[in-house]
Amino acid sequence: MIYDVVVVGAGFSSIATVCNLLDQLTPSATVAVIGDDPGYGRGTAYRTELYLHRLNVPAGRMSMFVDRPDAFVEWLRDHKRPLAQGDYASRQDYGLYVRDTLAGLLRSKRDHCRVDFVKAKATGCVERYDSVLGFLLDNGDEIAGRNVVLCLGVGSAQLPADLADLSSSAKRHVIENPWRLSWLHRVEPQDRVCILGSGLTMIDQVLALQARGFRGHIDVLSRRGLAPLGHKRKPMPPAAVDVGALPKSIAGILHALRAIARHEEDWRNVMDGLRPQTQALWQGLSQAERRRFLRHALPWWNIHRHRVAPDVFERFRGLVRAGQVEFHAGFLKTVREAPAMSLCYRVRGSGETRTLQADWIVNCTGMERSGISHSPLLREMERQKLIRPDPLRLGIDVDARSRSQARPELRTPIYVVGALSAGQFWEITAVPDIRLQARAVAEAIATAGPD
Ligand SMILES: Cc1cc2nc3c(=O)[nH]c(=O)nc-3n(C[C@H](O)[C@H](O)[C@H](O)COP(=O)(O)OP(=O)(O)OC[C@H]3O[C@@H](n4cnc5c(N)ncnc54)[C@H](O)[C@@H]3O)c2cc1C
């Protein structure tokens with residue numbers, strides 16, 4: 001059988017795309033979803049078992065649908081977890097909402113298109129006939145389609161250390177993937193933990209440790225020692241920012257934004273004014289300026305733009321103030337056993353070398369911004385010239401309609417939804433951005449007429 005649409009991936013981007021396809025396609029159309037993750041729609045973000053892991057976007061902006069902005073708040077109310085638009089729900093609840101939304105759509109729309117879920121990993125891709133791409137699966141099957149939507153997310157960054165010299169018992173205390181929260185059960189309350197990376201994942205892990213009664217010391221080592229900032233408890237109106245009027249250089253933009261912030265009660269208003277226009281701002285920059293942004297401004301962008309819920313921020317700051325969490329800015333050089341694990345790092349801005357002792361090392365270096373290299377499937381698709389990396393190697397080179405640009409004459413459109421399209425859109429990791437993209441891609445497929 002040849003499907004009209006093959007969606008590869010089973011995280012939020014995939015399920016948001018499928019929900020929009022259910023809305024847009026005719027009942028005779030057929031869709032296959034290939035995913036190796038049984039928690040459809042949850043992905044790393046919404047699979048957490050801990051209720052304390054919160055969304056970092058207010059509930060009022062987390063609906064899966066652009067045209068039904070209250071859908072998530074209504075779901076919370078219906079499930080006896082009433083929250084206001086400006087509150088921050090748990091990520092676990094959000095995962096349930098995504099799953100329920102998909103199930104509800106499949107149940108309620110009697111005349112919707114056919115959707116088949118295939119639990120497998122896509123390992124390769126072959127061109128079939130004139131306008132069909134076949135995905136080879138790790139169970140030996142093949143799923144072919146006339147339209148493809150790649151929703152693979154980005155991989156997790158590798159631990160920035162060579163562990164070859166560590167004994168196997170020490171290696172068991174190095175947590176490469178902190179999202180398997182089972183490691184928390186093995187930590188003793190007074191152990192020393194060293195977290196590599198100081199972003200949102202680090203805060204999640206610190207709070208998870210604390211919730212399990214951990215009272216030991218936590219060292220956080222990252223290149224700049226910067227941690228995410230918090231949202232304001234009482235939201236304020238966004239500042240009026242016209243990105244069309246901003247300069248076209250990173251230095252000029254920074255200068256202009258600082259000038260706007262001086263007239264605002266809080267700098268967050270400027271970031272909030274910028275948020276719906278970030279993609280336009282990025283698209284207006286030359287490749288050289290985009291590169292400059294990534295090299296010099298990215299850590300500051302991240303901590304100001306990707307903020308945490310106010311009470312999460314306050315709880316975390318309390319631990320820093322109490323000295324339980326300590327930040328170090330520097331570059332990890334080696335990890336040795338002597339007999340506990342010693343992490344040797346070069347202090348930022350000096351040649352000085354310091355050492356941290358740890359019973360546990362936890363990799364919280366976050367998303368792998370290494371383009372397509374993390375995925376054997378994508379490497380294979382690149383080899384066949386079905387996709388190519390974008391100029392900054394953040395992901396796949398797509399046009400403004402999210403369509404792969406590698407081979408314009410290819411008759412099977414390949415769309416990309418989610419963070420792999422960052423080269424074109426930059427901010428395309430959060431729900432408010434992905435839901436717009438998922439909608440546009442579903443519309444493009446429906447308009448072209450898959451069947
Ligand atoms: C911890 C965390 C918290 C977050 N919190 C928020 C938040 O509060 N608000 C917000 O708006 N955004 C948040 N985000 C952003 C979040 O990443 C997105 O909202 C969304 O979850 C991204 O989904 P995705 O489907 O693009 O990627 P993923 O969730 O990574 O899903 C990719 C899927 O593709 C599958 N896959 C990969 N390769 C293959 C293959 N070859 N074959 C088959 N399947 C494959 C994977 O198994 C996975 O299921 C958070 C992200 C993280 C990591």
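Visitor: Which residues does Phe12 touch, not counting residues up to four places away in sequence?
Guide: Phe12 touches Gly41, Gly43, Ala45, Tyr46, Val98, Val431 and Ile434. Contact here means C-beta atoms, placed from the backbone, within 7 Å.

Visitor: What kind of model is this, and how are residues numbered?
Guide: This is a predicted model: local features need pLDDT of at least 70, side-chain atom pairs count only at pLDDT 80 or more, and totals for chains, interfaces and linings use all residues. Residues are numbered from 1 along each chain as its sequence is written.

Visitor: Back to Phe12. Buried or exposed?
Guide: Phe12 is buried, because 29 other C-beta atoms lie within 10 Å. The cut-offs: buried takes 20 or more other C-beta atoms within 10 Å of the residue's own, exposed takes 12 or fewer, partly exposed is in between, and C-beta atoms are placed from the backbone.

Visitor: Which helix is Phe12 in?
Guide: Phe12 sits in helix α1. Helices (H or I, at least four residues) and strands (E, at least two) are DSSP runs, numbered from the N terminus.

Visitor: How many residues of α1 are buried?
Guide: Ten of its 13, so by the cut-off of 20 or more C-beta atoms within 10 Å α1 is mostly covered. Among the buried ones are Phe12, Ser13, Ile15, Val18 and Leu21.

Visitor: What does α1 span from its first C-alpha to its last?
Guide: The 13 residues of α1 reach 18 Å, close to the 18 Å expected at 1.5 Å a residue. The expected span is 1.5 Å times one less than the number of residues.

Visitor: Now the ligand. How many residues surround it?
Guide: 31 residues surround the ligand, and the closest are Gly9, Gly11, Gly43, Gly153 and Gly418. A residue counts as near if its C-beta atom, placed from the backbone, lies within 6 Å.

Visitor: Which elements give two or more residues to that shell?
Guide: Those are α1 (12-24), β2 (30-35), α2 (43-46) and α14 (431-448).

Visitor: How does the shell divide by residue type?
Guide: The shell has 15 nonpolar, 13 polar and three charged residues. Nonpolar means Ala, Val, Leu, Ile, Met, Phe, Trp, Tyr, Cys and Pro; charged means Asp, Glu, Lys and Arg; the others, Gly among them, are polar.

Visitor: And the largest nonpolar core: how many residues?
Guide: The largest core has 75 residues, and Val6 and Val31 have the most contacts inside it. α14 gives the most to this core, with seven residues. A nonpolar core is a set of buried Ala, Val, Leu, Ile, Met, Phe, Trp, Tyr and Cys residues joined through C-beta atoms within 7 Å.

Visitor: What is Val31 in contact with, leaving aside neighbours within four places in sequence?
Guide: The contacts of Val31 include Tyr3, Val5, Val7, Val18, Leu21, Cys113 and Val115. There is also a second, separate core of 31 residues, which includes Ile203, Val312, Val335 and Val362.

Visitor: Switching to sheets. In what order do the seven strands of the open sheet run?
Guide: The order is β7-β13-β8-β9-β10-β11-β12, with mixed pairing. The edge strands are β7 (174-175) and β12, and each pairs on one side only. Two strands pair if DSSP finds at least two bridges between them.

Visitor: How do β10 and β11 pair?
Guide: β10 (residues 325-337) and β11 (residues 341-347) pair in the antiparallel sense over seven bridges. A hairpin through three residues joins them. Glu337 stands opposite Met341 in β11.

Visitor: And β11 with β12?
Guide: Antiparallel again, over six bridges. Cys344 stands opposite Thr355, and Tyr345 stands opposite Arg354. In this hairpin, with five residues between the strands, Gly349 takes a positive phi near 80°.

Visitor: Which residue has a positive phi although it is not a glycine?
Guide: Lys80 is one, at about 60°. Trp426 is another, with phi near 60°. Most residues other than glycine have a negative phi.

Visitor: Where do Lys80 and Trp426 lie?
Guide: Lys80 lies in the loop between α3 (71-78) and α4 (91-108). Trp426 is in the loop between α13 (422-425) and α14.

Visitor: Is Trp426 buried or exposed?
Guide: Trp426 is buried, with 21 other C-beta atoms within 10 Å. Lys80 is exposed, with 6.

Conventions:
Two residues are in contact if their C-beta atoms, placed from the backbone, lie within 7 Å.
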